[in-house]
Amino acid sequence: LRSTNSHALDWISRGRFSSDRIEIDVPLLPRLILAMKQPAGRGRHGKTWSASEGGITLSWSCEYSGHLLSIAAGLAVAETIERLVPPFRCGLKWPNDVWLAGGKVSGILIERCSSTLSATKNPYVIGIGVNLIGHPNLEECDNAPVAPTSIRHATGHELSIATFLDELIPCLNSWIDCSTKHPATLHAAYDERCQLKGYPVRASHATKDLEGTCLGISHDGGLKLQVGSAIKTLYAGEIQRIRRS
């Protein structure tokens, strides 16, 4: 597959599953699409996700009515890694990059199917890429400010795709459910892993840049910044910590 997210969005919009020569009616959601290689993976803001050998790329399609899906997905990946390679802990960089031992180990892209042909209400696709064994070079990651890493490189543990999926999917469903029923629990879990809270950050948003101190996330998943005497909430943009000399 060139892109698991593109495949999932097409699948939902057509309302049918196709496999080479046949089309059959099956329950659309939830649904998992998995690729061993993904030559045209997408990241946020039109960037690419470099899927190296020894990684996993997948899309989980589900119905969702809420505002915290990206936060739930990031927590699910972080908790999955923590359960499989204790005592290592993961950090989260808003909105949903997962860090491990100071490097980026996972990226997530949330997309909503807007096709009017889909009979499914509020269909979303959660695209997840995780570096299990190998990871791309920094030069292959659109000049990313954080170096990529893999679970094996950071922890010495070599996980199989099957082992990772067995832990991830139940964890993902659990955090998605928690995001609508117990949002305070989700916020607390995110705060524990937030790599920006309390730090000065620069937010590149639309046509202007903002600098302020990160206060964490808002009730609906935005990023709160203290900018002078004002508190601003962002829902999109590139966020980077400011390194003070």
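I'll start with the ground rules, then go from the whole chain to the details.

This is a predicted model, so local features need pLDDT of at least 70, side-chain atom pairs count only at pLDDT 80 or more, and totals for chains, interfaces and linings use all residues. Residues are numbered from 1 along each chain as its sequence is written, and side-chain values use heavy atoms, with hydrogens and water left out.

First, the overview. The chain has 5 helices and 13 strands. Those are DSSP runs, numbered from the N terminus: helices are H or I with at least four residues, strands are E with at least two. Of the 245 residues, 49% count as buried. Buried means under 20% relative accessible area, exposed means over 50%, and partly exposed is in between, with a 1.4 Å probe and protein chains only. Contact means heavy atoms within 4.5 Å. Take the contacts with a separation of 6 or more: 63% of them are between residues 24 or more positions apart.

Now the salt bridges. The criterion is a side-chain nitrogen of Lys or Arg within 4 Å of a carboxyl oxygen of Asp or Glu. The count is 10. Look at R83 and E167, at 2.9 Å, N to O. R83 is in helix α2 and E167 in helix α4 (residues 161-181), so this pair ties together parts 84 residues apart in sequence. R83 is partly exposed at 47%. E167 is partly exposed too, at 23%.

Next, K181 and D177, bridged at 3.1 Å, N to O. Both lie in helix α4, 4 residues apart, about one turn of the helix. K181 is exposed at 55%, while D177 is partly exposed at 37%.

R202 and E211 form another bridge, at 2.8 Å, N to O. R202 has a relative accessible area of 35%, and E211 has 41%. There is also a network of salt bridges, linking E82, R89, E192 and R193.

On to the rings. How many aromatic pairs are there? The count is 1. The rings of Y64 and Y124 have centres 6.3 Å apart and planes at 85 degrees, so the pair is edge-to-face. The rule takes rings of Phe, Tyr and Trp (its six-membered ring) with centres within 6.5 Å; planes under 30 degrees apart are stacked, over 60 edge-to-face, the rest tilted. Y64 is in the loop between β4 (55-63) and α2 (69-84), and Y124 is in strand β8 (residues 123-131), 60 residues apart. Both tyrosines, Y64 and Y124, are buried.

S218 is buried, at 6%. Beyond its neighbours within four places in sequence, S218 contacts H187, K224, T233 and Y235. The C-alpha atoms of S218 and Y235 are 9.8 Å apart.

T149 is buried at 6%. Not counting residues up to four places away, its contacts include L100, V105 and H135.

Buried or partly exposed? At 24%, I133 counts as partly exposed. Leaving aside neighbours within four places, I133 touches G54, S150, R152, E158 and L159.

That's the tour. Questions, please.
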